[in-house]
Amino acid sequence: MIEEQAPQKPPRSSSSSFWKELPILLGVAILVAVLVRAFLLQTFYIPSPSMEHTLDINDRVLVNKIVYNFRSPERGEIIVFRAPSEWRSGLDDEDFIKRVIAVGGDRVECCDEQKRLRVNGHSIDEPYLFNENGISDPAADQPFDFTVPKGRLWVMGDHRAASGDSLEHWKQSDGDPLISTITEDSVVGRAFVVFWPVGRAKWLSVPSTFDTVPAPASG
């Protein structure tokens, strides 16, 4: 007796399988991108000169959004934050980028004999200050003495003459501690690298001058 063989199914076309799976792959890719942007990393572009020349207009930076879930922002770090309403010039001016100069409990003041800022009595060198044609911005344009409230941050732009920052709002508010500073909770994340344009790509590391700033006297 001759056994009949079951009819063989024709092999599936690899191209047909790919097109069927493509919507699933795209959906997964979109979901991963959304989750990464929401919780881990986000790109921001620089719209103003307030951080020149550390960050120039139209630079693109990558921001770590998860780091401050595990610790507080530290002196010298460049952060993106949701600006207080008093700091905004319009409805779209929500996310600002500045450098943390002092944290809660710190005393920040201007200036020592060499016209440098002092944090908790320690003078800080600021090699990142805006410099053009050999002329550098001053650390501050007037004397001040301020103690940062707990849970808040004193932030300044590297281009001091073009930055609406803590010092600027300290002057405008007659030293109001809440208007002069931002809350830690308003921080979106830490900017840690410039990735575009390629010619300006660099890490945004913390200058060593902040390594030796002592803890606040009350801390």
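## Lys-98

With a relative accessible area of 4%, Lys-98 is buried, because residues under 20% relative accessible area fall in that class. The structure is a predicted model. Within it, Lys-98 belongs to strand E4, which spans residues 95-103.

When neighbours within four places in sequence are left aside, Lys-98 is in contact with residues from several parts of the chain, among them Ser-50, Met-51, Glu-77, Ile-78, Ile-79 and Phe-81. Its contacts also include Val-155, Met-156, Gly-157, Ser-163, Gly-164 and Asp-165. The contact with Ser-50 is also a polar one, in which the two side chains are joined at 3.2 Å.

## The annotated pair

In the UniProt record, an unreviewed entry, the annotation "active site" covers Ser-50 and Lys-98. The two positions are spread over 49 residues of sequence, yet they cluster in space, with a largest C-alpha distance of 7.9 Å.

Ser-50 lies in the loop between strand E1 (41-45) and strand E2 (60-64). A relative accessible area of 5% makes Ser-50 buried. Besides the polar contact with Lys-98, the side chain of Ser-50 has a polar contact of 3.3 Å with the side chain of Ser-48. Not counting residues up to four places away in sequence, Ser-50 touches Ile-97, Lys-98, Gly-157, Asp-158, His-159, Ala-162 and Ser-163.

## Ser-166 in helix H2

Ser-166 is placed in helix H2, residues 166-172. Its relative accessible area is 0%, and Ser-166 is therefore buried. The side chain of Ser-166 reaches the backbone nitrogen of Val-155 at 2.9 Å.

Apart from neighbours within four places in sequence, Ser-166 is in contact with Trp-87, Leu-153, Trp-154, Val-155, Ser-180 and Thr-181.

A pair of aromatic rings is described by the distance of the centres and the angle of the planes. Seven aromatic pairs are found in a search of the whole structure. One of them joins Phe-81 and Trp-87, whose ring centres are 5.9 Å apart and whose planes stand at 85°. This pair is edge-to-face, because planes over 60 degrees apart are classed in that way. Both partners are buried: Phe-81 has 0% relative accessibility, and Trp-87 has 6%.

Elsewhere, ring pairs link Phe-144, Phe-146, Trp-154 and Trp-170 into a cluster.

## The four-stranded sheet

Four strands form an open sheet in the order E7-E6-E5-E10, and their pairing is antiparallel. Strand E7 (122-123) and strand E10 (144-147) stand at the edges; each has a single partner strand, so one side of each is left without a neighbour in the sheet.

Strand E5 (residues 107-110) pairs with strand E6 (residues 117-119) in the antiparallel sense, over three bridges. Within this pairing, Leu-117 of E6 is the bridge partner of Cys-110.

Conventions
Residues are numbered from 1 along each chain as its sequence is written. This is a predicted model: local features need pLDDT of at least 70, side-chain atom pairs count only at pLDDT 80 or more; totals for chains, interfaces and linings use all residues. Side-chain values use heavy atoms; hydrogens and water are left out. Rings of Phe, Tyr and Trp (its six-membered ring) pair if their centres lie within 6.5 Å; planes under 30 degrees apart count as stacked, over 60 as edge-to-face and the rest as tilted. Buried means under 20% relative accessible area, exposed over 50%, partly exposed in between (1.4 Å probe, protein chains only). UniProt positions are given in the numbering used here, feature names are shortened, and annotations may be inferred rather than shown by experiment. Helices (H or I, at least four residues) and strands (E, at least two) are DSSP runs, numbered from the N terminus. Contact means heavy atoms within 4.5 Å. A polar contact is a pair of N or O atoms within 3.5 Å; within protein, one must be able to donate a hydrogen and the other to accept it, and residues adjacent in sequence count only if both atoms are side-chain atoms. Two strands pair if DSSP finds at least two bridges between them.
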